Amino acid sequence: MTTVSGDFELTMDELRVVARYAAESAQEVLPVFEEAVPGDPRPRAALDAAWEFVNGARRTRLQRVTSLEAHRAAKEAGTEAAGLAARCAGDAAAAAYLHPIARATQVGHILRAAACAARVAELNAGDDPAVGNTSIERAGRRATPVLVDVLSRYPLAPTGKNRVAQLMSTLDASLRAPR
């Protein structure tokens, strides 16, 4: 099995678990972007690239390029919800390149897509934080033991003032809590 090394090792199988987790979140909210910005294929291409990797393809330039393009689409989206949905897709493709470096910023590659999807759910429910919290609880239940093991190799998610950062910190804490 191929591994990538840094402060610790990650196997390709572990990276696929992380990418699957992010892709599942992106899959839920991609229609929000596609309704708001019909005809822009960039987030869909990133999500497709993520699924290719998840399903066994080698990680290639395709994941990097489509991730960057989806993040560009996010910046150009007309609404916060559409932008976050595109960002989810970009994060899913980028998850193939999670670095084995013990930095809190790397946690975003693991959990930000789920946090963005929760924020999209909140926005679609009239900015109701209870909806976001429920979405984070569901995301926590979707996390596999392998995902939690990978997450535990990293420091806690960085704290932030925006709602996505808060949701990501909440998810991070719940996944690290003793069960």
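Hi everyone, let's start with helix 4: 13 of its 15 residues are buried, so this helix is largely enclosed by the rest of the structure. Keep in mind that we're looking at a predicted model. Helix 4 covers residues 80-94, and at 1.5 Å a residue it should span 21 Å; the end C-alpha atoms sit 20 Å apart, which agrees.

Now, what holds helix 4 to helix 5? Two salt bridges are worth a look here. Asp91 pairs with Arg112, with the closest N and O atoms 2.8 Å apart. Asp91 is in helix 4 and Arg112 in helix 5, so this pair ties together parts 21 residues apart in sequence. Asp91 counts as buried, at 2% relative accessibility.

The other one joins Arg119 and Glu80, and there the closest N and O atoms are 3.3 Å apart. Again we go from helix 5 to helix 4, so parts 39 residues apart in sequence are tied together. Arg119 is buried at 9% relative accessibility, while Glu80, at 44%, is partly exposed.

In total, the count comes to 14 salt bridges. Among them is Arg176 with Asp172, at 2.5 Å between the closest N and O atoms. Those two are four residues apart in helix 8, so about one helical turn separates them. There's also a network linking Asp40, Arg42, Glu69, Arg72 and Glu76.

On to the nonpolar side. The largest core has 60 residues, and Ile110 and Leu111 touch the most other members. Helix 1 gives the largest share, 11 residues. Beyond its close sequence neighbours, Ile110 contacts residues including Val18, Tyr21, Leu98 and Tyr154.

Thanks, everyone!

Conventions: Residues are numbered from 1 along each chain as its sequence is written. This is a predicted model: local features need pLDDT of at least 70, side-chain atom pairs count only at pLDDT 80 or more; totals for chains, interfaces and linings use all residues. Side-chain values use heavy atoms; hydrogens and water are left out. The expected span of a helix is 1.5 Å times one less than its number of residues. Buried means under 20% relative accessible area, exposed over 50%, partly exposed in between (1.4 Å probe, protein chains only). A nonpolar core is a set of buried Ala, Val, Leu, Ile, Met, Phe, Trp, Tyr and Cys residues joined through side-chain atoms within 4.5 Å. Contact means heavy atoms within 4.5 Å. A salt bridge is a side-chain nitrogen of Lys or Arg within 4 Å of a carboxyl oxygen of Asp or Glu. Lists of a residue's contacts leave out its neighbours within four places in sequence.
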